Amino acid sequence: MQARKKYVLLGLCACCWLVLFYWGGGVQLRLLRLLTRHRGDVMRPWPNWTDRAFLPRYAHLDELQTDPGMAESPRQRRQAWSAIYKDSRCRMETCFDFSRCRRRGREGFRVYIYPSEKNDRVSESYRKILTSIAESRYYTSDPREACLFVLGIDTLDRDQLSGQFVPNVDERIRGYPLWNDGRNHLIFNLYSGTWPNYTEDLGFNIGQAILAKASLNTEHFRPGFDVSIPLFSKDHPQKGGERGWLVRNTVPPRRKYLLMFKGKRYLTGIGSDTRNALHHIHNGKDIVSLTTCRHGKDWEKHKDARCDHDNLEYERFDYQELLHNSTFCLVPRGRRLGSFRFLESLQAACIPVLLSNGWELPFSDVIQWNQAVIEGDERLLLQVPSTVRAVGNERVLALRQRTQMLWEAYFSSVDKIVLTTLEIIKDRVFSHISRNKYMWNYLPGGLLVLPEYSTHLAHFPFYYLGLGVTPGQEFTAVIHAVSPLVSQSQPIMKLLQVVSKSKYCSQIIILWNSEKPPPSRSKWPPMPVPLTVTDGRRKTTSRFLPHVAIETEAVLSLDEDTVLLTSEVNFAFLVWRSFPERIVGYPPRSHFWDPLKRAWGYTSKWTNDYSIVLTGAAFYHRYYHYLFTHYLPQSLRTLVDRTSNCEDILMNFLVSAVTHQPPIKVAQRKQYKELPSPQGTKSVPWANPEHFNQRQECVNSFANWFGYMPLVHSQFRLDPVLFKDQVSVLRKKYKDLERA
């Protein structure tokens with residue numbers, strides 16, 4: 001009986017609870033819905049925080065208002081991206097055909113450009129990109145040899161409102177027999193999307209193509225597959241480019257202004273939030289942050305209360321003056337994530353302070369950007385001044401120096417941007433022969449470090465100092481012979497004896513470039529070191545081929561008629577061991593700018609100033625043989641072989657481009673003389689009156705290919721201790737240098 005009462009009581013309680021919930025809760029919710037429907041209003045789950053009562057006093061109401069429909073949620077952005085790029089999970093292993101690149105081993109990385117159609121519009125920037133590829137060592141005109149394909153259609157500007165927009169790209173690329181859903185294709189792009197959202201829509205399906213794109217978002221970037229490139233203007237130089245603005249070891253490292261920005265302010269739309277708030281950090285003293293809304297056709301229609309004041313303040317400062325005199329430069333996002341200001345800051349050695357959340361920085365796969373820029377957060381703008389003030393002087397100097405290294409190595413020209421893109425892809429294809437991060441981030445930069453030569457840092461001369469590596473204690477002499485051997489009294493016979501007596505000489509290689517066959521070994525004098533005679537195939541550039549027989553790091557390059565003493569050779573070699581990345585030798589020459597002819601000139605006059613050391617008697621590292629053969633274009637080597645001239649000048653251009661330093665001249669017993677040819681032999685090249693004119697033309701041709709003049713003038717000469725001093729010769733180490 002008691003149990004039955006308990007169950008009845010529990011049942012009544014449950015019924016009461018259901019009745020209360022239905023009449024107390026459900027009816028109230030239904031009544032609330034009826035009321036809101038009757039009022040025609042939508043119920044707000046959160047209060048409206050744009051009410052003035054809730055706003056911070058330092059922010060203006062207009063700054064917090066955005067156009068309706070502009071903001072996208074992360075899910076909406078992902079859905080839009082998935083609709084545009086169906087192969088967003090592409091990686092080299094899944095969307096790239098490696099077999100196309102390995103048909104010819106080391107020579108397998110070739111790039112083919114589709115021919116442009118007759119009425120195609122090609123922008124100046126895209127024409128520069130195609131020219132850079134066509135003039136590179138990777139270009140091929142045969143699609144059967146190609147590992148990588150580049151469209152002839154201009155895909156740089158995919159803003160449908162732009163005059164550079166090319167329509168119907170999707171239909172055209174699907175008609176290419178080699179398209180294959182974009183596999184092994186490389187697509188360049190600078191501008192994507194259009195007003196108002198500026199999405200990353202290119203207007204066509206890229207399929208499985210690699211995207212080399214500016215303003216890439218980290219959410220959409222495919223690591224190890226895509227390549228983020230910088231945004232550059234149509235005026236960006238094709239080759240060379242201007243040098244950075246930082247004077248070497250500038251002290252003090254800080255400049256007049258701590259932080260600067262001068263640029264557009266967007267009143268509405270994407271990118272406006274950050275730029276509308278920049279005025280908060282402006283103090284007009286050491287922080288100059290200036291914006292103007294005077295841009296575009298309808299700016300007056302959208303102007304706000306700050307526009308007139310901002311425009312007046314904007315005109316007070318010169319942009320170039322601010323760049324030259326600021327330690328840090330703000331690089332906020334614009335309509336897109338990237339900005340022209342990024343490259344301008346790098347060149348000016350003004351440390352970029354990035355305010356562009358989600359931007360995948362250019363060449364981020366290989367460049368360590370934390371050593372050159374400061375990455376801020378758009379949401380924490382007011383913390384930027386205190387952040388940059390906290391950076392110490394040593395760190396400031398290191399950051400500024402790194403901006404210069406990166407600018408000159410990868411960004412100063414379209415050529416470098418394109419070649420860096422190709423080299424990154426090539427390293428992915430041949431990952432077993434690729435550069436490491438150190439090679440990419442330290443001088444001379446990845447473009448001048450060829451991993452086919454070696455992947456070990458200690459094998460490159462410009463890394464010796466940083467690694468604490470000491471160069472080897474022996475050298476290989478390479479003698480360039482062009483005259484037939486008709487007499488035992490010819491200069492080459494004496495030269496062999498002099499060089500072989502050096503205690504540092506490991507072997508001698510005679511590069512035979514004469515029209516007559518080389519004499520038998522019995523015709524050559526006996527020597528204490530191995531002698532090898534190699535066929536030079538009658539090519540002048542063969543003296544700089546990476547001969548397998550050269551086993552030492554140091555190479556002594558000699559002309560057959562060079563007159564030297566063993567003590568001179570020994571002293572020059574010891575000097576080279578202290579400067580293994582440079583050319584060290586005897587006969588100097590110089591270049592100069594002729595303002596009347598508006599061209600470079602070449603002079604052989606003996607002065608205290610020089611920029612070239614002839615390779616007729618000079619030491620250098622054997623890596624430069626490999627670089628000369630595999631880095632320089634075939635057109636320059638063909639010019640040298642056709643004229644049988646200028647190979648020494650070209651080698652000086654190359655080494656100075658790598659080191660940014662001049663060669664080193666050492667003391668010499670007597671001046672380097674060009675001796676007449678022995679009777680009955682073919683006249684030497686310099687006996688031809690056209691020889692000097694050809695060298696003038698070579699200097700200009702080489703400067704044109706490099707895009708600038710890499711040669712550096714110097715007045716530096718190294719002499720032995722007590723050289724020419726009023727001290728007994730017997731007390732000097734190199735006695736023979738002063739006895740003649």
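Mentor: A residue is called buried when its relative accessible area is under 20%, and exposed when that area is over 50%. The model before us is predicted. At 6% relative accessibility, Cys505 falls under the 20% cut-off and therefore counts as buried.

Let us turn to the bonded pairs. A disulfide is assigned where two cysteine sulfur atoms lie within 2.5 Å of each other, and by this rule the count comes to five disulfides. When the bonded cysteines are numbered in sequence order, the pairing reads 1-2, 3-4, 5-6, 7-8, 9-10.

Consider Cys90 and Cys95. Their sulfur atoms are 2.0 Å apart, and the two residues form a disulfide. The torsion about this S-S bond is about -75°, which means that the disulfide is left-handed. Both Cys90 and Cys95 are buried.

Another disulfide joins Cys293 and Cys307, with the sulfur atoms 1.9 Å apart. This pair links distant parts of the chain, 14 residues apart: Cys293 sits in the loop between strand S7 (287–292) and helix H7 (299–302), whereas Cys307 belongs to helix H8 (residues 307–314). Cys293 has a relative accessible area of 1% and is therefore buried. For Cys307 the value is 0%, so this residue is buried as well.

Next, examine Cys329 and Cys350, which form a disulfide with their sulfur atoms 2.0 Å apart. Cys329 lies in strand S8 (residues 326–332), while Cys350 is in the loop between helix H10 (340–347) and strand S9 (351–355); the pair therefore ties together parts that are 21 residues apart in sequence. The angle about the S-S bond of Cys329 and Cys350 is 105°, and the link is right-handed. Cys329 is buried, because its relative accessible area is 0%. Cys350 is also buried, with a relative accessible area of 0%.

The buried residues are Ile492, Met493, Leu495, Leu496, Val498, Val499 and Ser500. Among the elements that cover them are strand S11 (475–481), strand S12 (505–512), strand S13 (531–535), strand S14 (554–559) and helix H17 (566–578).

Definitions and conventions. Residues are numbered from 1 along each chain as its sequence is written. This is a predicted model: local features need pLDDT of at least 70, side-chain atom pairs count only at pLDDT 80 or more; totals for chains, interfaces and linings use all residues. Side-chain values use heavy atoms; hydrogens and water are left out. Buried means under 20% relative accessible area, exposed over 50%, partly exposed in between (1.4 Å probe, protein chains only). Helices (H or I, at least four residues) and strands (E, at least two) are DSSP runs, numbered from the N terminus. Contact means heavy atoms within 4.5 Å.
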